[in-house]
Amino acid sequence: MEQRVSLITLGALDVQKSTEFYEKMGWEKKEFDSDSISFFQLNGQLLGIYSFELLLEDSGRTGNIAGSGGISLGYNTRSEAEVAEILTAAEKAGGTITMKPSRKPWGSLTGYFADPDGHSWEVSWMEVLAPNDKGDVSW
């Protein structure tokens, strides 16, 4: 197996509401004819917003995995100021700030928000992990 992630799929209680959240964050939805899933092109990968019910069915799982908080998605910024800007935009779009920006022991400035389905996003600036012009991050 090659070391990469091709598609990140987030389960959504309301696909339309969650899709609109990411659109309000400035992301462009890919044209795809479905009410149960939407896609956003990322840097070399896709983000899918998929019905929780169908995600559970597709993955052979049962129960409720909504907002489990078991993982977080990371968004590295190009500047310290952008951390607060992204968190403010997320809150205005319908997200919830779960941690205001704070300095971490390893030098990053980091805050968190949750999208409408409770998925955690870490918004962080650290000089060594600042994205290049294409938005790619490497260590």
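The legends below describe close-up views of a predicted model. Residues are numbered from 1 along each chain as its sequence is written, and side-chain values use heavy atoms, without hydrogens or water. Local features need pLDDT of at least 70 and side-chain atom pairs pLDDT 80 or more, while totals for chains, interfaces and linings use all residues.

**View 1. The largest pocket and its lining.** About 700 Å³ of space lies in this pocket, a volume being the space filled by probe spheres set on grid points joined across faces, edges and corners. A pocket is an open set of points on a 1 Å grid over the protein atoms alone, where a 1.4 Å probe fits, with protein on both sides within 12 Å along at least five of seven lines; lining residues have an atom within 4 Å of a point. The lining has 23 residues, and N43, Q45, G74, Y75 and G135 lie nearest the centre. Strand 4 (72-76) and strand 7 (120-125) each give two or more residues, strand 4 giving the largest share, five. Strands are DSSP runs of E, at least two residues, and helices runs of H or I, at least four, numbered from the N terminus.

**View 2. The salt bridge between R103 and E80.** The closest N and O atoms are 3.2 Å apart; a salt bridge is a side-chain nitrogen of Lys or Arg within 4 Å of a carboxyl oxygen of Asp or Glu. R103 lies in strand 5 (residues 96-103) and E80 in helix 3 (residues 80-93), 23 residues apart.

**View 3. The salt bridge between K134 and D136.** The closest N and O atoms of this pair are 3.9 Å apart. The structure holds two salt bridges.
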